[in-house]
Amino acid sequence: MQPAPAAPRVVVRGEAVAEVLPDAADLTVTVEVRDRRRDTALTRLAERQQSLTDLLEAARGDLAGVATDTVAVYPEAGDGSRVSGHVAVTTTRVRMADVAAAGELAVAVATLPDTALHGPHWRVSRGHPVHQQVRGEAVADAVARARAYAAALGCRLTGLVEVRDVDTHGGGPARFALAESSPRLDLQPAPQEVHGQVEATFTMSVPDQEVFTR
């Protein structure tokens with residue numbers, strides 16, 4: 001007795017996109033000092049970094065986290081191969097808990113000497129409900145696509161084999177850089193696109209043979 005033939009399958013990808021205002025933002029702060037003496041450069045870097053730490057401590061109610069990403073100290077070559085001085089650098093990543101406070105903090109950070117600011121980098125946090133929304137819409141899209149393919153073959157869907165999460169992600173960050181201090185910086189967070197994708201495999205009934213003879 002021969003086994004029954006496997007049920008036909010249809011594999012589709014469901015997609016969805018939603019646009020929402022960001023609920024998170026990051027600032028990247030780089031402190032960089034130069035001096036002919038290595039120990040002096042390190043001392044000045046420590047002083048500048050402490051000023052940044054004090055400022056962030058005063059604003060801690062608006063922050064979700066602060067992390068030092070990099071620390072670097074290296075010689076700087078002058079004419080020829082001789083060392084003309086030393087450079088000391090730290091990079092600090094600041095995660096904002098309150099997006100509305102990003103502008104005020106950016107201005108405050110930009111007033112610090114030997115400091116470069118990049119950001120805010122707008123984000124949609126992983127806990128935002130929009131991620132669940134686009135996942136559900138992506139599944140619905142996958143079902144609709146599978147039904148359309150099945151109907152085109154004279155079939156109907158009979159079961160689900162697998163649903164695979166491809167990814168959900170927010171759009172790229174929006175950035176600005178402050179070169180000098182400003183008494184006020186009114187920021188308008190850019191809406192972010194959040195995408196959801198799933199791959200789904202369904203079984204379906206045997207196709208209508210007339211479809212292939214038309």
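This short talk describes several local features of the structure shown above.

Good morning, colleagues. Please keep in mind throughout that this is a predicted model.

I begin with Arg-48, a residue of helix H1, which covers residues 38-58. Beyond its neighbours within four places in sequence, Arg-48 is in contact with Val-31, Val-33, Pro-113 and Asp-114. Pro-113 lies 65 residues away from Arg-48 along the chain, yet the two C-alpha atoms are separated by 7.4 Å.

Asp-114, one of those contacts of Arg-48, deserves a word of its own. Asp-114 sits in the loop that connects helix H2 (102-110) with S5. Its phi is near 60 degrees, which is a positive value in a residue other than glycine. Asp-114 has a relative accessibility of 30% and therefore also counts as partly exposed.

The peptide bond leading from Gly-119 into Pro-120 is cis, and its omega is near -5 degrees.

I turn now to strand S1, residues 9-20, and its two faces. The covered face consists of Val-10, Val-12, Gly-14, Ala-16, Ala-18 and Val-20. The uncovered face carries Arg-9, Val-11, Arg-13, Glu-15, Val-17 and Glu-19. Which strand is joined to S1 by twelve bridges? The partner is S8, residues 192-204, and the two strands run antiparallel. Within this pairing, Ala-18 stands opposite Val-194 of S8.

My last topic is helix H3, residues 130-152. H3 has 23 residues and reaches 33 Å from its first C-alpha to its last, close to the 33 Å expected at 1.5 Å a residue. Its buried residues are Val-130, His-131, Val-134, Ala-138, Ala-142, Ala-146 and Ala-150. As a general point, an α-helix has 3.6 residues a turn, so residues three or four places apart point the same way.

Val-139 also belongs to H3, but with 35% relative accessibility Val-139 counts as partly exposed. Together with Leu-160 and Val-163, Val-139 makes a nonpolar surface patch of about 250 Å². After H3 comes Gly-154, with a positive phi near 75 degrees.

Thank you for your attention.

Methods. Residues are numbered from 1 along each chain as its sequence is written. This is a predicted model: local features need pLDDT of at least 70, side-chain atom pairs count only at pLDDT 80 or more; totals for chains, interfaces and linings use all residues. Side-chain values use heavy atoms; hydrogens and water are left out. Helices (H or I, at least four residues) and strands (E, at least two) are DSSP runs, numbered from the N terminus. Contact means heavy atoms within 4.5 Å. Buried means under 20% relative accessible area, exposed over 50%, partly exposed in between (1.4 Å probe, protein chains only). Two strands pair if DSSP finds at least two bridges between them. Patches are made of residues with over 30% relative accessible area and no salt bridge: like charges are joined within 9 Å, nonpolar side chains (Val, Leu, Ile, Met, Phe, Trp, Tyr) within 5 Å. Accessible areas come from the Shrake-Rupley method with a 1.4 Å probe; for residues, only the protein chains shown count as cover. A salt bridge is a side-chain nitrogen of Lys or Arg within 4 Å of a carboxyl oxygen of Asp or Glu. The expected span of a helix is 1.5 Å times one less than its number of residues.
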